[in-house]
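My notes follow in the order of the look-ups.

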Amino acid sequence: MSTAVPPPTSSASSDELLPGVVRVDRQAAAAGTTSTSASPSDSDSTSASGTVASTGEPRRRAAFRPDIEGLRGIAVLSVLAYHAAVPGPTGGFVGVDVFFVISGFLITGLLTGRPIGLWDFAARRARRILPAAATVLVATAAAGGALLDPLRGTDLAHDLIASAGQFANWRFVGQQTDYLAAEHDPSPLQHFWSLGVENQFYLLWGVLLLGLARYLHGRRRTLAITLATLAVGGASLALCLRWTATSAPLAYFSTGSRLWEFAAGACAALLGSALAARTVGRTATRTTGRELAPAPVGGRGSGRAVTRVLRLVGWAGLAAVLASVFLYDRTTPFPGAAALLPVLGTAALLLAAPADRIVGGVLASRPLRAAGRLSYAWYLWHWPVLTIAQARYGQLTWPVLLALTAASALPAWLTLRLVEQPLRYGSTPAPRRGLAVGASALVIPLIAALTLGGGTVRALGGTADTATVAPAGAVDGPALLAPGARVLGLTPSLARAREDFPPGKGCEIPLNADSSPRCLFGNQDSPDRIVLLGDSHAGQWISAGLALAEQRHWALEVLVKPGCPLATLTVRNNVLGRTFDECDRWRENTLTRLTSGPKPRLVLMAGLNRYGSQEERTEGWTRTLDRLTALGAPLAYLGDTPMPGKDIPTCLAASDGRSDACFFPRDTAFEPDPMLDGGLAARYGVRTLDLGPLLCPGSGASCPAVLEGVVLYRDTGHITDTLARVLAPRIDKGVLGAQ
């Protein structure tokens, strides 16, 4: 996974302190108390909780931590380098995990360190996060409307609404777990998923901690917060481990599987606060001028031992973060157990960096702090710049991507100076003013989204809700359409093409499922049925199979699993990030299920012809056909359709719907098929129909995306349902003509 947005950064206050140094007020020192310098920040500032001894309950205030600002710099530079495809930091996506831990640390320090109301907390969050986000959203809407094709503009309008509403993470969960969804290029706003996660965490954590603070006090309050943090973190980690194994998009984008990372930062804040309180409460202090150095816990000897341990912890934390950046890559199952390395490493650095001058000094270096100050705005800007540039000009090399990423620092700096800082520090801290700023930052992007969406609908000449009537298809011959059939314009329309799915939403099964539900079409009471068997490239033929069944008053049974070859071979699933074991179990369960029921009138097989090598496919089909021929039912096989390798509806929209546009290479459209070319069909008596020559006619170097006015593909590799209905008469004759 490659998209992440860091939590908000902070600007340094004028009272910057070195790591571990606390500023003391002379009068407070004379009275036996200390105070930390407060940086002008809210809950997400780069500050730590310091404990103040007083006659009442210890009072905590924020001390600026330059090492945290530098840690933000490491995180944002890692993610930017990863998105720019710079060789080396192949695990740079862990930067988002670093940011989540920092946010948990800082938010917990704020909410436990000084009294604050819920509305004040919400107003601070709104002023801090939303104005810069709204600026980027509006600018992206304007750039998308001017530079992107109408279909991408339509997608962008929906993403704008989700991003402004702070639920972008759930939109992307839905998009990436629905196998019928069209395959899209990355959204220019996909990085807003983590901003949604973070704001959902703020809402939960603010209500939880402030609620506990209202009804509990002293040690009971601290104990309750600690137990709540451990409970939330433990439950979230369990979900993360489970979902990483069963649904990678859900594990990556959802709030529930990410809360444990914030909780790790919260634990570091609570532990650091406890250590500070123990130091102040049990030891004396020595004053020198305007600086106060707390005496070591438990005496000088034990204090030195604690310092040594913390230094080791800090170095181990830095090594853990850097190791995950350079050793992880796209094949690493993530987040899951792999996320423990950067998360625990970050928590260790937050706790221990002030105890070591070298680690703290490295993190507090000027370049890292400069990147850290700019991190929020820089991340918001860089991803739209990269994605829109590549949508406009095609795939770019990493030096070009790196140059664009560096260039995006300019609008990020302007946003920081002209939007973030003035609205954050220049307005009254009254909650109503902050909430008003937040409301405006929500409404303005929504208006931009509606404006962009309306413009794209007009450009496409309709909406996706308009039903498509399929023209009559030819029964045989070189023509796609029947004699006399004509198509005016494109069918389905460009507005409809991406949504031109086959029926059968109820036939979908999750990636972690290993058996199909009862899914029948047509005359469901008929003892005769056609079984459609395979992966999503079999599922694209549901309408054609239904036409065959309805002609004979039979039923159509759909048994399909996305990404799972019918040929008996084990594959890796990129969404799950591991071997697709559920596919093997589903295939076995399905073949067993067919032997236990009534014999089908026809088993219609289809699927993507790109799993494994040609030799592996041949061996896999042999094992599967040995099982299927034992049924004694007629077998038929539809050759795989050409693979465009690019989003055809988007390409057509960018080409003003010209039917002669968006050709794709013939030599990459097909792979050798052991069923059609290897003699397997003849050996097992399988009737075959190869539609490749019809959909890619002639012998030229290219295949068309539109044929006789029919848009052939709804994404990068699946045909439109309109085409499946057009081809139904040809399939009927090709596989059932003798019956």
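How many aromatic pairs does a search of the whole structure find? I was working with a predicted model, and the search gave 15 aromatic pairs. I took down two of them in detail.

**Entry: Trp-193 and Phe-253.** I read a distance of 5.3 Å between the ring centres and an angle of 80° between the planes, so I recorded this pair as edge-to-face; the cut-off for that class is over 60 degrees. Trp-193 belongs to helix H7 (residues 193-215) and Phe-253 to helix H9 (residues 248-253), so the pair ties together parts 60 residues apart in sequence. I then checked accessibility. Trp-193 has a relative accessibility of 0% and counts as buried. Phe-253 is buried too, with a relative accessible area of 0%.

**Entry: Phe-201 and Phe-262.** Here I found ring centres 4.0 Å apart and planes at 15°, so the pair is stacked; stacked requires planes under 30 degrees apart. Phe-201 is in helix H7 and Phe-262 in helix H10 (residues 259-282), so this pair joins parts that are 61 residues apart in sequence. Phe-201 counts as buried at 1% relative accessibility, and Phe-262 counts as buried at 0%.

**Entry: charges over rings.** I noted two cases. Arg-258 lies over the face of Tyr-252, 4.5 Å from the ring centre. In the other, the charged end of Arg-552 sits over the ring of Trp-554, at 5.8 Å from its centre.

**Entry: H4 against H14.** At what angle do helix H4 and helix H14 pack? I got about 10°, with the axes 10 Å apart, for H4 (residues 118-147) and H14 (residues 366-393). That makes the two helices roughly parallel, because angles under 35 degrees are classed that way. I listed the residues that meet: on the H4 side they include Arg-128, Ile-129, Ala-132, Val-136, Ala-139, Ala-143 and Leu-147, and on the H14 side they include Tyr-376, Leu-380, Trp-381, Pro-384, Ile-388 and Arg-392. I sorted the residues of this contact into 12 nonpolar, three polar and two charged.

**Entry: whole protein.** The secondary structure comes to 29 helices and 17 strands. Of the 739 residues in the protein, 56% are buried. For contacts between residues at least 6 apart in sequence, I noted that 78% join residues at least 24 apart.

Methods. Residues are numbered from 1 along each chain as its sequence is written. This is a predicted model: local features need pLDDT of at least 70, side-chain atom pairs count only at pLDDT 80 or more; totals for chains, interfaces and linings use all residues. Side-chain values use heavy atoms; hydrogens and water are left out. Rings of Phe, Tyr and Trp (its six-membered ring) pair if their centres lie within 6.5 Å; planes under 30 degrees apart count as stacked, over 60 as edge-to-face and the rest as tilted. Helices (H or I, at least four residues) and strands (E, at least two) are DSSP runs, numbered from the N terminus. Buried means under 20% relative accessible area, exposed over 50%, partly exposed in between (1.4 Å probe, protein chains only). A charge sits over a ring if NZ of Lys or CZ of Arg is within 6 Å of the ring centre and within 35 degrees of the ring normal. Axes are lines fitted to C-alpha atoms, for helices over the stretch in contact, and angles run from 0 to 180 degrees between N-to-C directions. Angles under 35 degrees count as roughly parallel, over 145 as roughly antiparallel, 65 to 115 as roughly perpendicular and the rest as oblique. Contact means heavy atoms within 4.5 Å. Ala, Val, Leu, Ile, Met, Phe, Trp, Tyr, Cys and Pro count as nonpolar, Asp, Glu, Lys and Arg as charged, and the others, Gly among them, as polar.
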